[in-house]
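I opened this model to look up its helices, its charged pairs and its pockets, and I kept these notes as I went.

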Amino acid sequence: MATSQAPGEGPVRPVSVSLHEGTIAALKARTGKRGMSAYVETLIQRQLERDLLRELIEDAETEHGPVDQAAVDAKRAVLRGDAAGSADAA
């Protein structure tokens, strides 16, 4: 029986994927021939994290309603150190 493993865990094994030639060329130019697998692994893990985050946001919006964009903008201003937006965000 196979155990479920989190992204980035478990043994490495080869898989076959189909990519456009231009994508392959750009990938090789960025990573070199031997760095492709690690680069693709990292990209897939990042996308899986984004997918999970999107699902969490959708669940929260289903339960609590849509996010107030003005509140998001105010919090963003605080994170960026914008003094004008920080008074409203507190």
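Entry 1, ground rules. I am working from a predicted model, in which local features need pLDDT of at least 70 and side-chain atom pairs count only at pLDDT 80 or more, while totals for chains, interfaces and linings use all residues. I number residues from 1 along each chain as its sequence is written, and side-chain values use heavy atoms, with hydrogens and water left out.

I find four helices and zero strands, taking helices (H or I, at least four residues) and strands (E, at least two) as DSSP runs numbered from the N terminus. Along the sequence this reads as α-α-α-α. Of the 90 residues, 7% count as buried, where buried means under 20% relative accessible area, exposed over 50% and partly exposed in between, with a 1.4 Å probe and protein chains only.

I checked the span of α2, whose 29 residues reach 42 Å from first C-alpha to last, close to the 42 Å expected at 1.5 Å a residue; the expected span is 1.5 Å times one less than the number of residues. Just after α2, Gly-65 takes a positive phi of about 90°.

At its start, a side-chain oxygen of Asp-68 comes to within 3.1 Å of the backbone nitrogen of Ala-70, and just after α3, Gly-81 has a positive phi of about 80°.

How many salt bridges does the rule give? I count one salt bridge, the rule being a side-chain nitrogen of Lys or Arg within 4 Å of a carboxyl oxygen of Asp or Glu. Arg-76 pairs with Asp-73, their closest N and O atoms being 3.4 Å apart. The two are three residues apart in α3, so about one helical turn separates them. An α-helix has 3.6 residues a turn, so residues three or four places apart point the same way. Arg-76 is partly exposed at 36% relative accessibility, and Asp-73 is partly exposed at 39%.

The largest pocket is lined by 24 residues, of which Arg-13, Val-15, Ser-37, Val-40 and Glu-41 lie nearest its centre; lining residues have an atom within 4 Å of a point. The largest share of the lining, nine residues, comes from α2.

How values were computed:
A polar contact is a pair of N or O atoms within 3.5 Å; within protein, one must be able to donate a hydrogen and the other to accept it, and residues adjacent in sequence count only if both atoms are side-chain atoms. On a 1 Å grid over the protein atoms alone, a cavity is a set of points where a 1.4 Å probe fits but cannot get out, and a pocket is an open set with protein on both sides within 12 Å along at least five of seven lines; lining residues have an atom within 4 Å of a point.
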